[in-house]
Amino acid sequence: MPETTPEEVLIVGGGVGGLAAALAFGRAGHKVTLLERDPLPATADAEEAFRAERRGAPQVHQTHGFLARIVVLLREHFPDVLEDLRAVGCTTMPARADLGEPRPGDEDLAVLIVRRTTFEWVLRKAVLRQPHVEVRTDVTVAGLTSSLPDWSDVPVVDGVRLADGSELHADIVIAATGRRGDVPGWLSACGVEVPEKVRESGLMYMSRWYHLPSTFDVDELDAKLGGDLGFVKYLGVPGDGGTLSVTLAIRSDDADLRAALGDADRFDQACRALPGPDQFFTHGPLEPIGGVRPMGGLLNRIRTFTDDAGAPTVLGFHAIGDAHTCTNPLYGRGCSLAFLQAVMLAQATAKHPGDAVARAKTYEADNQREVEPWFEVSVQMDKAGADPAGFAGAGGGDGEGAKGMAALFVAAETDPIIGRGIARFFNLLATPADLMADAELLTRMAEVMANPDAYPIPRQEGPSRRELLETLDAVPGAA
Ligand SMILES: Cc1cc2nc3c(=O)[nH]c(=O)nc-3n(C[C@H](O)[C@H](O)[C@H](O)COP(=O)(O)OP(=O)(O)OC[C@H]3O[C@@H](n4cnc5c(N)ncnc54)[C@H](O)[C@@H]3O)c2cc1C
């Protein structure tokens with residue numbers, strides 16, 4: 001990060017977004033105070049970090065995939081943190097097996113294999129080592145302090161009010177309060193309305209953790225770790241420390257499946273029946289780490305902090321991570337986007353030292369270009385279903401267009417040009433606009449879409465909902 005005029009920065013929330021912001025602002029020379037509601041006692045290692053409770057961010061114990069974009073962000077901005085992650089056993093895995101003739105940028109297509117708790121633990125240790133950064137845990141922020149000075153048409157946030165009634169003041173307040181933080185309520189009390197677009201995914205996660213046997217070779221895994229059977233979307237993700245998590249995402253209103261999968265034995269049986277996760281269970285049962293962990297309320301949501309002309313509606317205040325934009329966790333975008341926003345905000349601050357208006361305009365314009373497309377894409381993917389077959393079914397657009405889209409996903413399996421484009425897209429390395437600017441890719445896509453019948457959708461492997469429920473009913477000894 002470039003050195004800049006130091007400002008006092010308060011960050012509310014010590015999850016991935018808040019920690020990334022603390023690093024980015026701390027390393028740019030600002031005086032940073034990070035306030036986190038959870039107690040977060042020091043943990044000695046990744047295992048202890050995994051066991052620690054995290055009431056403020058309970059999703060840390062759900063399956064997390066870390067897309068190639070976060071690896072690139074780490075490499076470019078915090079290479080030492082990437083080294084730290086490797087030093088505690090995190091690895092990378094190619095995001096796609098076959099890319100044909102190598103191209104510049106292919107080296108970026110690697111996802112990070114790490115538990116979310118390990119990722120956050122390593123990040124927190126890097127923040128704690130940072131001069132000018134103070135981390136205060138067990139501190140709850142209750143709201144903001146603001147004024148309407150002569151020089152501004154809109155409220156200027158100048159600090160936070162803590163739950164004990166005391167106030168802390170700063171030049172910049174960053175809300176990294178996650179999905180459940182009440183940013184609109186806080187700003188409404190300052191006279192600022194925050195429009196939101198929300199689309200519920202209608203899904204809930206059922207996840208379970210396991211120890212993989214020491215003989216298990218992750219490099220020999222089939223690349224297909226998950227799938228989408230419509231009634232269940234699922235993924236098995238190895239983590240650091242010889243761990244595995246499997247998530248089965250089902251409709252929150254599917255009471256039968258929810259009840260069945262809540263039972264640990266039946267959950268394991270479902271993993272064995274699903275192509276992808278089944279490969280982890282071929283050598284026998286795995287040693288579980290705890291029971292099945294359900295989590296609901298998974299949504300897509302974007303908040304707006306500018307008016308129609310792009311002028312900021314509030315100054316001195318910025319939201320990052322889920323407090324700004326949430327995307328359906330199924331696509332694994334949240335941590336990468338939170339990280340990206342932390343970096344973008346620090347860069348906007350460096351570009352416009354002491355200029356709250358220019359900083360806010362730049363940051364929100366960057367969000368519109370770099371983050372908002374992923375909100376829209378997540379909503380569209382939710383409508384279509386994550387599987388190619390979904391594009392040919394309801395909600396995938398008009399008949400021919402949907403058929404063409406489905407053909408693209410099928411072609412991507414064997415065509416390195418389309419496969420690379422789609423892998424870059426799924427890993428947040430190329431926005432839809434970037435893909436549309438790639439002439440070679442467009443030509444190849446047009447060829448496929450003109451002849452979709454040459455790319456029939458393969459028959460879905462895996463049980464129907466009814467078959468799965470019947471299999472689970474037959475599990476002996478299940479409660
Ligand atoms: C089930 C599930 C699975 C997911 N899977 C993935 C995945 O595979 N890959 C991926 O990249 N992303 C995934 N995500 C999304 C990812 O977890 C979030 O996008 C990411 O945590 C956002 O980081 P954040 O810093 O904005 O919020 P969080 O990490 O949620 O952190 C918010 C922090 O703010 C603190 N806080 C809140 N209010 C206050 C307050 N008033 N005062 C003080 N502190 C406060 C909380 O205690 C918490 O520590 C998943 C999310 C869910 C729900």
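The legends below describe close-up views of a predicted model.

**View 1. Domain division of the chain and the contact between domain 1 and domain 2.** The protein is divided into domain 1, made up of residues 8-142 together with 299-370, domain 2, covering 202-296, and domain 3, covering 388-454. Between the C-alpha centres of domain 1 and domain 2 there is a distance of 27 Å. At the contact of these two domains, 17 residues of domain 1 meet 17 residues of domain 2. The side of domain 1 that touches domain 2 comprises, by class, eight nonpolar, seven polar and two charged residues.

**View 2. The open five-stranded sheet with parallel pairing.** The five strands of this open sheet follow the order S5-S2-S1-S9-S17, and their pairing is parallel. Strand S5 (133-137) and strand S17 (317-319) are the edge strands, each of which pairs on one side only. On average, and with direction ignored, neighbouring strands of the sheet are turned by 15° against each other. Within the sheet, strand S1 (residues 8-12) and strand S9 (residues 172-175) are paired in the parallel sense over four bridges, and Val 9 stands opposite Ile 172 in S9. In a regular strand, side chains alternate between the two faces of the sheet.

**View 3. The packing of helix H4 against helix H5.** Helix H4 (residues 79-87) packs against helix H5 (residues 116-128) at an angle of about 130°, and the two axes are 10 Å apart. H4 and H5 are therefore oblique to each other, and H4 passes H5 in a right-handed crossing. On the H4 side the contact is made by Val 81, Asp 84 and Leu 85, while on the H5 side Phe 119, Val 122, Leu 123 and Ala 126 take part. Sorted by class, this contact of H4 with H5 has six nonpolar residues, no polar residues and one charged residue.

**View 4. The antiparallel pairings of strand S7 with strands S6 and S8.** Strand S6 (residues 141-147) runs antiparallel to strand S7 (residues 156-162), and six bridges join them; in this pairing, Gly 159 in S7 is the bridge partner of Thr 145. S7 is also joined by three bridges to strand S8 (residues 167-169), again with an antiparallel run, and here Arg 161 stands opposite Glu 167 in S8. S7 and S8 form a hairpin with four residues between them, and in the turn Gly 165 has a positive phi of about 95°.

Note on methods: Residues are numbered from 1 along each chain as its sequence is written. This is a predicted model: local features need pLDDT of at least 70, side-chain atom pairs count only at pLDDT 80 or more; totals for chains, interfaces and linings use all residues. Two strands pair if DSSP finds at least two bridges between them. Helices (H or I, at least four residues) and strands (E, at least two) are DSSP runs, numbered from the N terminus. Axes are lines fitted to C-alpha atoms, for helices over the stretch in contact, and angles run from 0 to 180 degrees between N-to-C directions. Angles under 35 degrees count as roughly parallel, over 145 as roughly antiparallel, 65 to 115 as roughly perpendicular and the rest as oblique. A crossing is left-handed if the near helix is turned anticlockwise from the far one by less than a right angle, and right-handed if clockwise. Two residues are in contact if their C-beta atoms, placed from the backbone, lie within 7 Å. Ala, Val, Leu, Ile, Met, Phe, Trp, Tyr, Cys and Pro count as nonpolar, Asp, Glu, Lys and Arg as charged, and the others, Gly among them, as polar. Domain bounds come from an automatic or database domain assignment.
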